[in-house]
Amino acid sequence: MKTTVKTRQDGLMVKNRLHTILLLILLSILSVTFILAAVTLGVISHKKNQDNANPITTTSTSVVVKHLMDTINSTQLMFHLQKLQTIADNHERTRALGTSGFQATIDYIETQLKSKTNFHVFKEEFLVPVSIRTDPRLTSTIAGVEKNYIFGTDFRLVFLSAPADFLTPIRLTIIPNSGCDDDDWQRATPHPANGSVAIVIHDRNCSAVQKSILAQKFNINGLLLYNNSINATSLPIIVAAQNITYIAMAVSYEVGSQLSEAVQNHLSTDPHIRMFMTPGDMVRMNISSENICADTPTGNITQTIVIGSHSDSIDNGSGINDNGSGAMATLVLALNLANLFQTSFYEKYSYRIRFCWWGAEERNMYGSYHHVEQANMTTVEGSRLKDYLMMLNFDMLASPNYYFGIHRSDGLPDIVSSKVKNGSNRIAQIFRNWFDQENLPWDNSSLGISSDHVPFLVEGVPCGGLFTGADGRKTLEQRNRYDRMLGHGHGGIADAVFDPCYHKTCDTIENTNPFAFEIMTKAAAYAIETLARMSDLHNYLYG
């Protein structure tokens, strides 16, 4: 018979096994508890997500949004604004009527709309009459031989040129490089610039405006600008600085090359120039321009909300605040609304939205006037003026010393009906509601008669809009109020103009305030959505 003897070690082994079993049981209970908790939290989280805003991806970032306003941010706005600055930089620092910079602006807007939305995009071409002086004459004397050049083929006038009549021929000299700085003009060859006719290359190193300002500084008698590329097949359209006191002409590559060669051989050719243009004789020529519009694919086409901004700049500047800011705000609103509409979460509007970018605003608002004129004449449903319920105009939304201006009908001429004025003031109230809800400062601003809402107002369409200021000055009261409501340092500078670069060459990307730009575009988004969600917008505006 085998006898088993229990030792102390055997007892310890039994205890260890019991401890292990108890630990495994405890771990199993905890695991079940965690699983049940996770399931419970998952149900709660799922329910919470259902109750929250529907997630969408905007064109700039992934965010959870309920409203168009939630998709707006300064990063996206400034991205597109920088694109306009690049366009201006690549096209003689201007985006004005008749320039390649303006065409590049339209092309950019069109490309964005067609590649990122399902909106119906269309253009409207129109002609802008421009007055220039006629019967100019250009004559050269080279090696004693006189030659008359053909206007429109060999040369054309530079816009804003002064009149002149050289009774005797004047010596010709070349400005080296591109004529973009003082050093170039001080090195004029073979004669000093002072008292000479200067010939300068027309290129992209600096604008024609900058060259013409330097020419004025060095007291020339006449200026000839020419493309130095043999591939240049047409005469350039050039705009000089305002108030120059000398005559300026653009010449063809062939003529510019011949005159330059004659100057280089001046000892044998002794080149001189006569230039003539009288101030009294005028010729009107038409410059082509265009509007571009984009319609939402849904919404009642006979009840349309028009959102507009002008896309052109002044002749001698990039026009980034005026009105690249309004144009790019309108573009971002269109892109982000299109993105929202393509989700299943954002309810589409019962009214059609028509986004438009007007050409030639800086030329007496020809683009918006053309659009309204065509709408008045057409019988096509959806394009008639009577199909327009209202219009929002966004012009200058990023002034550096900004104020938050809300357009009212104050100061409008009597030609605008009281019903339209009342409707416009009701639009203003929508903007005021948002600024009050957000605890932001605001000021009333007159609609005035100098932007693209004017033709709509005159024809009976209520209008509204936003404005951050031009050449007016910020009051001490405004500075203190904005400083108090926005936080110290955000009030700006009292007794300083809202936009120190208004209608100047310095209106570049550095002349903008991204904070103000975002606030104003958010306000625009709020107003668009609020108005477009109304069950009876017509009654709200006209009732």
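A salt bridge here is a side-chain nitrogen of Lys or Arg within 4 Å of a carboxyl oxygen of Asp or Glu. Keep that in mind as we walk through this predicted model, where local features need pLDDT of at least 70, side-chain atom pairs count only at pLDDT 80 or more, and totals for chains, interfaces and linings use all residues. Residues are numbered from 1 along each chain as its sequence is written, and side-chain values use heavy atoms, with hydrogens and water left out.

## Charged pairs

Searching the whole structure turns up 13 salt bridges. One of them joins Glu290 to Lys123, with the closest N and O atoms 3.7 Å apart. That pair links distant parts of the chain: Glu290 sits in strand E13 (residues 282-295) and Lys123 in strand E3 (residues 120-133), 167 residues apart. Helices (H or I, at least four residues) and strands (E, at least two) are DSSP runs, numbered from the N terminus.

How covered are these two? Buried means under 20% relative accessible area, exposed means over 50%, and partly exposed is in between (1.4 Å probe, protein chains only). Glu290 counts as buried at 11%, while Lys123 is partly exposed at 35%. Both also belong to a network of salt bridges that takes in Glu110 and Lys114.

Next up is Asp182 with Lys217, whose closest N and O atoms are 2.4 Å apart. Asp182 lies in helix H4 (residues 182-186) and Lys217 in helix H5 (residues 208-217), so this pair ties together parts that are 35 residues apart in sequence. Asp182 is partly exposed at 26% relative accessibility, and Lys217 is exposed at 54%.

Then there's Arg363 with Asp315, at 3.1 Å between the closest N and O atoms. Here the partners sit in loops: Arg363 between strand E15 (351-358) and helix H9 (366-377), Asp315 between strand E14 (300-310) and helix H8 (320-341), so the pair ties together parts that are 48 residues apart in sequence. Arg363 is partly exposed, with a relative accessible area of 26%, and Asp315 is partly exposed too, at 23%.

## Disulfides

A disulfide is a covalent bond between the sulfur atoms of two cysteines; the cut-off used here is a pair of cysteine sulfur atoms within 2.5 Å. The structure holds 3 of them.

| Pair | Sulfur to sulfur |
|---|---|
| Cys180 and Cys206 | 2.1 Å |
| Cys293 and Cys356 | 2.2 Å |
| Cys501 and Cys506 | 2.1 Å |

Cys180 lies in the loop between strand E8 (170-174) and H4, and Cys206 in the loop between strand E9 (197-201) and H5, so the pair ties together parts that are 26 residues apart in sequence. Cys180 is buried at 17% relative accessible area, and Cys206 is buried at 1%.

The torsion for Cys293 and Cys356 is about 110°, so this one is right-handed. It links distant parts of the chain, with Cys293 in strand E13 and Cys356 in strand E15, 63 residues apart. Both cysteines are buried.

Finally, the link of Cys501 and Cys506 is left-handed, with -115° about the S-S bond. Cys501 is buried at 10%, whereas Cys506 is partly exposed at 33%. Number the bonded cysteines in sequence order and the pairing reads 1-2, 3-4, 5-6.

## Aromatic rings

Rings of Phe, Tyr and Trp (its six-membered ring) pair if their centres lie within 6.5 Å; planes under 30 degrees apart count as stacked, over 60 as edge-to-face and the rest as tilted. The whole structure has 17 aromatic pairs. In one of them, Phe341 and Tyr349 have ring centres 5.1 Å apart and planes at 80°, so the pair is edge-to-face. Both residues are buried. Tyr346 and Tyr349 have centres 6.0 Å apart and planes at 65°, so they are edge-to-face as well. Tyr346 is buried at 8% relative accessible area, and Tyr349 at 3%.

Elsewhere, Tyr402, Phe404, Trp434, Phe435, Tyr482, Phe515 and Tyr526 form one aromatic cluster.

## Helix H13

H13 (residues 514-532) has 19 residues, and its end C-alpha atoms are 27 Å apart, which agrees with the 27 Å it should span at 1.5 Å a residue; the expected span is 1.5 Å times one less than the number of residues. Of those 19 residues, 15 are buried.
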